[in-house]
Amino acid sequence: MKNKKFKIPALIIVILLAALAFGYHKVKTFGDRPINVSSETIFTLPAGTGRVVLETLLVKHQIMQKNPYFSWLLRIEPELSNFKAGTYRFEKGMTVRQMLELLRSGKEAQFSVRLVEGFKLSDWMKVLDDSAYLKHELSGKTGEEIAAALGMTDTKNAEGWLYPDTYLYTAGMTDLSLLKRAHQHMEKTVDSIWKGRADSLPYKTPTDMLTMASIIEKETAVKEERAEVASVFINRLRIGMRLQTDPTVIYGMGENYKGNISRKDLETPTPYNTYVISGLPPSPIAMPSEASIEAAAHPATTNYLYFVADGKGGHTFTTNLENHNKAVRVYREALKNKNEK
């Protein structure tokens, strides 16, 4: 008896091929569907996540609905299965395939934090503590402890030694790592400006220059005035006159400062109260901008010993107490008229 070969009818083969083509098309079409996000969405993919868990997470976070085509898409396009752990930013209009390509790329979402010039270290730490996805290792640390964590050896306080800027970070980065970048940037900036500083300035160390810069930063927001403000304090240092600058008093008061300075505050000794101490305070009182450091290193050449607000956003500079007192009266009158309107 001869063996008879079993033959699949051609029609069935055509139907199977058509079904496969239809399924393949449906899977491919599924990959081109937009995910279910109406605005920017942050998604974290844990380490060790496989296909099944990824789909579970996406459904749980309502980024997509459960769909049998998802697993088939990963089979048909296996390169899309090579996703990497991390925190990603999904955008409106992104397709399933684009989402998987992003997870495969490892291009994690970047977040930004603005560390503002003129703010104190404690202000910066509050900003960092409130920054999402940043790992906090320095919360509650003092300026001295932060300096030690940053590996600072020339100064015991990190105040002033961090460069104001907008910093980018990815989820899980530590505040220590971010501040190390800020410190390295400031060190390079100070070193460069210190080497090119004007001659015969009354600074013994770069910290002195940075301390002066921090005072300038707190005294004026007008870029064009900074060199003149610097000249006032440089002239005072040269003749042994106290700096008598309110921001140093405020810094020395710490948490006791409630928005106003009294006569008693001006007379109460602290290491930073320049109405009581002679010379510069022991360390910076804020994070100075590069412009203020430049002003401290290149003050204007003037005979000014005084300045006071002019009521218009700037200051009036004078060379003697009599003219200074006149300028103070003008300012107070302008302030009175403004408040009466």
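Tutor: Let us begin with the terms for angles. Angles under 35 degrees count as roughly parallel, over 145 as roughly antiparallel, 65 to 115 as roughly perpendicular, and the rest as oblique. Please keep in mind that this is a predicted model.

Student: At what angle do α2 and α3 pack, and how far apart are their axes?

Tutor: In general, two packed helices are described by the angle between their axes and the distance between the axes. Here, helix α2 (residues 51-60) packs against helix α3 (residues 68-76) at about 135°, and the axes are 11 Å apart. The two helices α2 and α3 are therefore oblique to each other. Their crossing is right-handed. On the α2 side the contact involves R51, L54, E55 and L58, and on the α3 side F70, L74 and R75. By class, four of these residues are nonpolar, none is polar and three are charged.

Student: How is the pair α7 and α8 oriented?

Tutor: The axes of helix α7 (residues 175-195) and α8 lie 10 Å apart, and the packing angle is about 100°. The helices α7 and α8 are therefore roughly perpendicular to each other. M186, V190, I193 and W194 of α7 meet P206, M209 and L210 of α8. The contact of α7 with α8 comprises seven nonpolar residues, with no polar and no charged ones.

Student: Which residues of α8 meet α12?

Tutor: The geometry should be read before the residues. Helix α8 (residues 206-219) and helix α12 (residues 290-297) have axes that come within 8 Å and cross at roughly 120°. That angle makes α8 oblique to α12. The crossing of α8 past α12 is right-handed. From α8, the residues M209, L210, M212, A213, I216 and E217 meet S292, I293, A295, A296 and A297 of α12. Sorted by class, the contact of α8 with α12 holds nine nonpolar residues, one polar and one charged.

Student: Which residues of α12 are buried, and what covers them?

Tutor: A residue counts as buried when its relative accessible area is under 20%. In α12, the buried residues are S292, I293, A295, A296 and A297. Their cover includes α7, α8 and α9 (226-239).

Student: What can be said in the same way of α10?

Tutor: Helix α10 (residues 246-253) has P247, T248, V249, Y251 and M253 buried. Among the elements covering these residues are α8 and α11 (263-267). After α10 comes G254, with a positive phi near 60°.

Student: Is T142 buried, partly exposed or exposed?

Tutor: Burial again rests on the relative accessible area, where values over 50% count as exposed and those between the two limits as partly exposed. T142 has a relative accessible area of 37%, so this residue is partly exposed. T142 sits in the loop between α5 (121-129) and α6 (143-149). Its C-alpha atom is separated by 37 Å from that of T316, which lies 174 residues away along the chain.

Student: Into which domains is the protein divided?

Tutor: The division gives domain 1 (40-108), domain 2 (110-191) and domain 3 (199-340). Between the C-alpha centres of domain 1 and domain 3 the distance is 56 Å.

Key:
Residues are numbered from 1 along each chain as its sequence is written. This is a predicted model: local features need pLDDT of at least 70, side-chain atom pairs count only at pLDDT 80 or more; totals for chains, interfaces and linings use all residues. Side-chain values use heavy atoms; hydrogens and water are left out. Domain bounds come from an automatic or database domain assignment. Axes are lines fitted to C-alpha atoms, for helices over the stretch in contact, and angles run from 0 to 180 degrees between N-to-C directions. Helices (H or I, at least four residues) and strands (E, at least two) are DSSP runs, numbered from the N terminus. A crossing is left-handed if the near helix is turned anticlockwise from the far one by less than a right angle, and right-handed if clockwise. Contact means heavy atoms within 4.5 Å. Ala, Val, Leu, Ile, Met, Phe, Trp, Tyr, Cys and Pro count as nonpolar, Asp, Glu, Lys and Arg as charged, and the others, Gly among them, as polar. Buried means under 20% relative accessible area, exposed over 50%, partly exposed in between (1.4 Å probe, protein chains only).
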